[in-house]
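Trainee: I would like to go through the terms used for this model and see what each one rests on. Where do we start?

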Amino acid sequence: MSGTNIVESKLDGATAAYRCVVPAGEPWIREIQKGQYFRVVDLEGNQAADTLFYNASDYSDRYSAQDTIREQKNLYLTTGTRLMSSAGNVLLTIVADTCGRHDTLGGACAMESNMVRYALEKRHMHACRQSFVKAVMEWGRGMSKRDLTSNINFFMNVPVTPEGKLTFEDGVSEPGKYVEMRAEMDVLAVISNCPQLNNPCNAYNPTPIEVLIWDRQGA
Amino acid sequence: MSEAAVRWEEVVQPGATWSHVLKRGTALRITDVEGGANVGAIFYNFECPVERYNIDTLKAQHVARLSKGCVLYSDMGRILCSITEDTAGGHDPIGGCSNAALVKQKYGESRYQEARNEYYKNARDGFLIELEKWGLGPRDLSPVVNFFSVLDAGSDGSISYRRPSSGAGSFVDLRAEMNVLTILNTCQHPLDPNPRYDPKPVRLSVRTVPPPGADDACRTFRPENGRGFTLTERYFL
């Protein structure tokens, strides 16, 4: 499949069963039922939404970046991508995407990796893995840092060159761009709306995202 | 510089899984004995296994492929291992590992009952069983590095498998910068187009090596690695 597949959704935000604006630097966690549709909207543009998914009945079975890339033989996520779990299940399918490309190699920012990437003095800066740890701690149900694995970065642009280099580029997203998924099983979704200020992944200005959920659509 | 004496050496058979706590100050050489080997590997801080190999490795060094000079980062900004020598020409940190369904679909079935120890193995089950021996489990299965295999990426993001041409005798040296629980598996790469079940053996050898100096090639590979070594050295203070 190609790395870009722009498809608009037919769903109307006014009919969503749930919607929530998530400010930059905040975590968000919620179960999504099989058949429900889940949309993440980049409200102001160029905002990375770091996202993890789990099989809701077995958290040891979770989103796997390596399995997802291998199954579709492509590094980038877009319409048609099946988000694979570590046990080989399809967690969700991307059914609409007005951005066209999402990353799953860049990982989530962390205080510790900021020290490596930018300067040892950056330790104090807020980071996605702080939000992820807080989210799974508060969710409880046996979850812990052990459950934090390679994530998706919706709206983030991390191209790999033919020479095998990897770079963080300006986002390809714009205000109002969104990605929408259909849950193929009951899943737990965890988002960190990225607070990174040290690179262009949020255009140096982290902004809110909106998440929407629609109930199963009629045939 | 002459190489230190080998402390011990062993062969990992085709399709087998191996584990060991590589001690800080030692280096593991993995040699592709026949050519065409693939070695999947996962790495943990033995003292606190919730610290483990992380995909940060790629963005910290601006690479999507690992080779000499690269290091393997944990999620805590520390360096688990350094690639101090590499005659293989690149290693894949993206393709992941084979699983039972993939092996059955690609190669068919071969059970122990009929095939004895030649039965078809898959990397995921090998990793999970080995993790369990160390008190870890499916929640701890972290991203896999595949040594001796390369993935090429097109500008549209498409990936294709390439076997490096280095062949028999090529090797990679991993210097342990911490005490690293290392689990290796010699199953074929999951994107290996070979239609036959045909995993290859590798030879492992362990040496005692000096600590990385100020001009160490892995330390100076990127400014990020200099800070990674600093954080790793602080951990042992």
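Mentor: With contact: two residues are in contact if their C-beta atoms, placed from the backbone, lie within 7 Å. Keep in mind that this is a predicted model.

Trainee: Leaving aside neighbours within four places in sequence, which residues is A:Thr93 in contact with?

Mentor: A:Arg82, A:Met181, A:Arg182 and A:Glu184. By the cut-off, the C-beta atom of each lies within 7 Å of that of A:Thr93.

Trainee: What makes A:Thr93 partly exposed?

Mentor: A:Thr93 has 15 C-beta neighbours inside 10 Å. Buried would need 20 or more, and exposed 12 or fewer.

Trainee: Where does A:Thr93 lie, and which residue stands opposite A:Thr93?

Mentor: A:Thr93 is part of strand β7 of chain A, residues 90–97. A:Arg82 stands opposite A:Thr93, and A:Arg82 is also among its contacts.

Trainee: How do you know that β6(A) and β7(A) pair?

Mentor: Pairing needs at least two bridges. Three bridges join β6(A) to β7(A), so the two strands pair, and they run antiparallel. They form a hairpin with five residues between them, and A:Gly88 in the turn has a positive phi of about 90°.

Trainee: What joins β7(A) to β9(A)?

Mentor: Five bridges, with the strands antiparallel; β9 of chain A covers residues 177–183. Here A:Ile94 stands opposite A:Met181 in β9(A).

Trainee: Why are β1 and β6 of chain A said to stand at the edges?

Mentor: The open sheet has six strands in the order β1-β11-β3-β9-β7-β6 of chain A, with antiparallel pairing. β1 (18–22) and β6 (82–84) each have a single partner strand, so one side of each is left without a neighbour in the sheet. Neighbouring strands are turned by 20° against each other on average, direction ignored.

Trainee: How many bridges does the pair β3(A) and β11(A) have?

Mentor: Six, in the antiparallel sense, between residues 37–42 and residues 209–214 of chain A. A:Val40 has A:Val211 as its bridge partner in β11(A).

Trainee: Turning to chain B, which strands does β12(B) pair with?

Mentor: Among them is β1(B), residues 6–12, which pairs with β12(B), residues 202–208, over six antiparallel bridges; B:Val11 stands opposite B:Arg203. Another is β3(B), residues 26–32, joined to β12(B) by seven bridges, also antiparallel. In that pair, B:Ala27 has B:Arg207 as its bridge partner.

Trainee: Why is chain B called as compact as a globular protein of its length?

Mentor: Chain B holds five helices and twelve strands. Its radius of gyration is 17 Å, close to the 18 Å that the globule rule gives for 237 residues, so the description applies. Of the 237 residues, 52% count as buried; the test is 20 or more other C-beta atoms within 10 Å.

Trainee: How many residues does each chain bring to the contact between them?

Mentor: Chain B brings 43 residues and chain A 35 residues. On the side of chain B that touches chain A, α1 (56–61), β8 (150–153) and α5 (223–235) each give two or more residues. The most come from α5(B), with five residues.

Trainee: What kinds of residue make up that side of chain B?

Mentor: The residues divide into 19 nonpolar, 14 polar and ten charged.

Methods:
Residues are numbered from 1 along each chain as its sequence is written. Chains are lettered from A and ligands numbered from 1 in the order in which they are written. This is a predicted model: local features need pLDDT of at least 70, side-chain atom pairs count only at pLDDT 80 or more; totals for chains, interfaces and linings use all residues. Helices (H or I, at least four residues) and strands (E, at least two) are DSSP runs, numbered from the N terminus. Ala, Val, Leu, Ile, Met, Phe, Trp, Tyr, Cys and Pro count as nonpolar, Asp, Glu, Lys and Arg as charged, and the others, Gly among them, as polar. Axes are lines fitted to C-alpha atoms, for helices over the stretch in contact, and angles run from 0 to 180 degrees between N-to-C directions. The radius of gyration is taken over C-alpha atoms; the globule rule is 2.2 Å times the number of residues to the power 0.38.
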